[in-house]
Amino acid sequence: MEYQIAMDLTLTPNAVKMVRGFLEEHGETDEAGLRVAVLPGGCSGFQYGVDIDDAPEGDDEILMRDGIRVFVDPFSAQYLEGIEIDYITSLMGSGFTFKNPQATGGCGCGSSFTV
């Protein structure tokens, strides 16, 4: 499988730690990785999605970040250039957060944005 390194997508150290834990819980395989997607919907027009997938889809871009395979579909790739993905824990809960330089707006939930 060929990896692409041209796309600018960053996982913070906290995100890397959490993804590694999720991969171990999932039953990590050589093909498994983190899927990062942009989906229509949410209160601002688009929302982010993250999941652990067993293997990439046929047309996915496959990135290697800190030893983690990251799968991005062609539709999502156009909206994820330059994004930083973090994992935070606070009194309000824990989860992935996204700093997207392409987003022109967002909402209070932190997982919905406009471009």
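In strand E5, Val 70 is the bridge partner of Leu 63, and that pairing is a handy place to start looking around this predicted model. The two strands involved, E4 (residues 61-65) and E5, run antiparallel and are joined by five bridges. Stepping back, the protein chain has two helices and nine strands, and from the N terminus on its elements follow the order β-α-β-β-β-β-α-β-β-β-β.

**The E4-E5 hairpin**

- E4 and E5 make a hairpin, with two residues between them.
- Asp 66 sits in the loop between E4 and E5.
- Have a look at the backbone here: Asp 66 has a positive phi of about 50°, although it is not a glycine.
- Asp 66 has a relative accessible area of 48%, so it counts as partly exposed.

**The open sheet and the helix across it**

- Three strands build an open sheet in the order E1-E6-E7, with mixed pairing.
- At the edges of this sheet are E1 and E7 (93-99), each of which pairs on one side only.
- From one strand to the next, the twist averages 20°.
- E6 and E7 pair in the antiparallel sense, over seven bridges.
- Helix H1 lies across E1, E6 and E7, and it runs at about 75° to E6.

**The largest nonpolar core**

- The largest nonpolar core holds 25 residues, and those touching the most other members are Leu 9, Leu 11, Ile 68, Val 70, Val 72 and Leu 80.
- The elements giving two or more residues to this core are strand E1 (9-11), helix H1 (13-26), strand E2 (33-40), E3, strand E5 (68-72), helix H2 (74-80) and strand E6 (83-90).
- H1 gives the most to this core, contributing four residues.

**Asp 53, a buried acidic residue**

- Asp 53 lies in strand E3, which covers residues 46-53.
- Why does Asp 53 count as buried? Its relative accessibility is 18%, and the cut-off for buried is under 20%.
- The side chains of Asp 53 and Arg 35 are joined by a polar contact of 2.5 Å.
- Neighbours within four places in sequence aside, Asp 53 is in contact with Ala 32, Gly 33, Arg 35 and Phe 71.

**The chain as a whole**

- The protein chain has 115 residues, of which 39% count as buried.
- Among contacts with a separation of 6 or more, 58% are between residues 24 or more positions apart.
- The accessible surface of the protein chain comes to about 6400 Å², and 52% of it belongs to carbon and sulfur atoms.

How values were computed
Residues are numbered from 1 along each chain as its sequence is written. This is a predicted model: local features need pLDDT of at least 70, side-chain atom pairs count only at pLDDT 80 or more; totals for chains, interfaces and linings use all residues. Side-chain values use heavy atoms; hydrogens and water are left out. Buried means under 20% relative accessible area, exposed over 50%, partly exposed in between (1.4 Å probe, protein chains only). A polar contact is a pair of N or O atoms within 3.5 Å; within protein, one must be able to donate a hydrogen and the other to accept it, and residues adjacent in sequence count only if both atoms are side-chain atoms. Contact means heavy atoms within 4.5 Å. A nonpolar core is a set of buried Ala, Val, Leu, Ile, Met, Phe, Trp, Tyr and Cys residues joined through side-chain atoms within 4.5 Å. Accessible areas come from the Shrake-Rupley method with a 1.4 Å probe; for residues, only the protein chains shown count as cover. Two strands pair if DSSP finds at least two bridges between them. Axes are lines fitted to C-alpha atoms, for helices over the stretch in contact, and angles run from 0 to 180 degrees between N-to-C directions.
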